[in-house]
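The stops below are given in the order in which to select them.

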Amino acid sequence: MSTRLPGAKYKSVFDRGRPFRGRLFAAWVLRSPDAGRQAGVVVSKKSFHDAVDRNRAKRILREGFRLLAPALALDADWVLVGRAALGGKGTADVMDELRYFARKGGYLLEAAKGAEST
């Protein structure tokens, strides 16, 4: 199963999804029966002027989601919007913030919650 969100779903996640705003990125999460634990990634030219920096930011967001995906609810689609503060950060930083959003919104699976506390 792919972890990338199809283009047609972005609008529905933005319109109906629950927003979370963090230091490194903002996220919108939409739970629905046809969701498939997928993420779409957006990084604007306003935040990152150089294409190299934009691509690095997108790569870090995708990798952070990919590594944390097994611990996330299967019935949720995510859209992650990178912020300028993401520059110079790594995958672990993205995973920490994403884990915080998932725990706060109830999108973290019970098995992952138990493994974190040990």
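Predicted model: local features only at pLDDT ≥ 70, side-chain atom pairs only at ≥ 80, totals over all residues.

Start with Arg 37, in the loop between strand S2 (25-31) and S3. Its phi is near 55°, a positive value in a residue other than glycine. Most residues other than glycine have a negative phi. Arg 37 has 17% relative accessibility and therefore counts as buried, the cut-off being under 20%.

Next select strand S3, residues 38-42. Four of its five residues are buried, so the strand is largely enclosed by the rest of the structure.

Now bring in helix H2, residues 51-68. Together with S3 and S4, H2 makes a left-handed β-α-β unit. The end C-alpha atoms of H2 are 26 Å apart, which agrees with the 26 Å that its 18 residues should span at 1.5 Å a residue.

Colour the buried residues of H2: Arg 54, Ala 57, Ile 60, Leu 61, Gly 64, Phe 65 and Leu 68. Seen down the helix axis, these buried residues fall within an arc of 130°, so they line one face of H2. What do they pack against? Show S2, S3, S4 and helix H3 (91-105), against which the buried residues of H2 pack.

Finally, turn to the face of H2 directed away from its buried side, where the exposed residues Val 52 and Arg 59 are found.

Terms used. Residues numbered from 1 in each chain as written. Heavy atoms only, no water. Buried < 20%, exposed > 50% of the residue type's maximum accessible area, 1.4 Å probe, protein only. Helix = DSSP H or I, 4+ residues; strand = E, 2+ residues; numbered from the N terminus. Right-handed = clockwise from strand over helix to strand, strands pointing away. Expected span 1.5 Å × (residues − 1). Arc of directions from axis to C-beta. Contact = heavy atoms within 4.5 Å.
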